[in-house]
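Subject: Structure handover

Hi there,

Here is the structure I promised to pass on to you. My notes follow below it, so please read them with the model open.

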Amino acid sequence: MTQRIAVLGATGSIGDSTLAILAAQPHTYEVYALSGYHRLDKLFALCQQFLPKRVSVPTSAVDDFAHRLKAAGIDSEVVGGEAGLVDIATDSQTDTVVAAIVGAAGLPSTLAAARVGKRILLANKEALVMAGKVMIDAVKTHKATLLPLDSEHNAIFQCLPLAIQQDNTQIHQSNHGVRKLWLTASGGPFLQQSFEQMQQASVAEAVKHPNWSMGQKISVDSATMMNKGLELIEACHLFDLPEDKINVVIHPQSIIHSMVEYSDGSFLAQLGSPDMKTRIDSGSQPLDLFALSGLEFIEPDLQKFACLRLARQAMQAGTQATIVLNAANEIAVAAFLDGKIRLTDIADINEQALNDIQLPPLNETADIEDILAIDKIARHLTDKLVAKLT
C-alpha cells in the first residue's frame, strides 16, 4: 500500500534528501503535501515534479502561489502560515510527517502530528530542545511513532536493542547493559583553526561545511558546535537519559555516525558514507572500507566551542533554559548571517542570555503556549543583547 508523505520543510537539505528517496520509489511513497517558506520558486518546481495534493506557504504568499499553480495546470490546495502546517500535519490523508522545518517554527506542526498519532520522521531538533517532555508525552499518549532522521540519533537508534527502540524507558533496565551514548561531530570548518581565526571568520567561511551540504543556519551551528549541543539535548529526550550519560566526540571523517557504549566495555557503532540518504536503498554509494586510511577521535575544546558547554548547562538547568538557549541562538545566528556580529559573538550572546534571562521553571502542566511565551520573551531580550554589540 502506498504511503502518503507530507514533507514539511521541503526546500531545505533534509527535504532534498527525502524527496530524492521518494522519487526513486514512486510505487511505495506518494508525496501528498509539501511546505516551504523562503525558497518559493524551488517549492513551485517541486510541485511541478511531485504534484502534491496540498501545499503550505507563508500566509502572505497564498494567493500568489495558488495563482502560479493554477496557471501551470497544477491542482493543489494551498494553505498558509502555522495553521496551514498544522492542518497538513493532522490531515487524515497524511500517513507520515517528515518534520524538517528548521528552528522553532517547526514545533507546532510536529506536536500537532504527535497528538493525532502520526508517524513522524523527526529532523527538527528544536521540537525536542524546546518541548521535549511535552513532545514525548504526546507521542506516548496518542500512540504516535517518532523516528529520528538526524544521522547521529538514527545511528544510536539502530545500535540499541529492540526493546529500547519500542520504549525508551527500557534503556534504564540493567539487562540491556547500556552505559553511555556517543554523538559524533565533524568539528566543522574551524576544527584546525584557532579561536582568533574563528573571530575573523566570514559568513562564507562559516557555512562551508567540510562533509555535509546543509542550510546556512545549521551550517553556522555546526561551525560553533551549537548544532551538536542541540543534538545532545534532543538525545536526552529521545533516549530518556541525563546529559552526563551522553558524550560528544569529534570525528572529522564523519564515517561513524554515532555509537552506543555497553557495560561490558564494548561499543556498537553505525558506519556509513557522509550521505543523508543512507537509511534505505536509495542509490547512495556504499562505504568502501578498504579506502579508509584512518579514523580520528578528538575531545572537543569547550573554550573554543563554548556553545557545546552551554547546551549541557541548559539541559542541567531545565526546559526553560533550553528554550532560552535555542531562541537566543536563532537570533544570534541570524545577526551573524546579516553581518552584524562576529561568529564568536554567538556563544557570548547565548551565554549572556542564559545568565540574564531569569524565568520561573515550567510546571508539570506546561503546554505549547507556555513554551512559546518563553521563546517570545527570550527572542525579545536577545534582540537587545545583539543591539548592544552592534
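Helices here are DSSP runs of H or I with at least four residues, strands are runs of E with at least two, and both are numbered from the N terminus. Counted that way, the protein chain has 16 helices and 11 strands. Please keep in mind that this is a predicted model, in which local features need pLDDT of at least 70 and side-chain atom pairs count only at pLDDT 80 or more, while totals for chains, interfaces and linings use all residues. Residues are numbered from 1 along each chain as its sequence is written, and side-chain values use heavy atoms, with hydrogens and water left out.

**Overall form**

The radius of gyration of the protein chain is 20 Å, which agrees with the value near 21 Å that a compact globule of 390 residues would have (taken over C-alpha atoms; the globule rule is 2.2 Å times the number of residues to the power 0.38). The C-alpha trace spans about 55 × 50 × 45 Å along its principal axes. Of the 390 residues, 55% count as buried; buried means under 20% relative accessible area, exposed over 50%, and partly exposed in between, with a 1.4 Å probe and protein chains only. Taking contact as heavy atoms within 4.5 Å, 68% of the contacts between residues at least 6 apart in sequence join residues at least 24 apart.

**Cores**

A nonpolar core is a set of buried Ala, Val, Leu, Ile, Met, Phe, Trp, Tyr and Cys residues joined through side-chain atoms within 4.5 Å. The largest one has 93 residues, and Leu160, Leu181 and Leu343 have the most contacts inside it. Helix α14 (residues 319-337) gives this core its largest share, 11 residues. Apart from it lies another core of 26 residues, including Ile14, Leu19, Val31 and Val78. In general, nonpolar side chains in soluble globular proteins tend to be buried together.

Leu181 is worth a look: leaving aside residues up to four places away in sequence, Leu181 touches Ile156, Leu160, Phe239, Leu241, Lys245, Ile246, Asn247, Met259 and Val260.

Helix α7 (residues 151-159) is largely enclosed by the rest of the structure, because 8 of its 9 residues are buried. Among these are His153, Ile156, Phe157 and Cys159. What do the buried residues of α7 pack against? Their partners are β7, α8 (162-166), β8 (178-185), α12, β10 (256-262) and β11 (267-271).

Helix α11 (residues 216-224) is mostly covered too, with 8 of its 9 residues buried. Its buried residues include Lys217 and Asp221. After α11 comes Met225, with a positive phi near 65°.

**Strand β1**

Ala6 sits in strand β1 (residues 3-8) and is buried, with a relative accessible area of 0%. Ala6 and Ala89 are 83 residues apart in sequence, yet 7.2 Å apart in space, C-alpha to C-alpha. Not counting residues up to four places away in sequence, Ala6 touches Ala33, Ile88, Thr94, Thr96, Val97 and Val98.

**Loop backbones to check**

Lys143 is not a glycine but has a positive phi of about 55°. Lys143 is found in the loop between α6 (126-141) and β7 (145-148), and counts as exposed at 71% relative accessibility. Asp240, also not a glycine, has a positive phi of about 55°. Asp240 lies in the loop between α12 (226-238) and β9 (246-250) and counts as partly exposed, at 31% relative accessibility.

Best wishes
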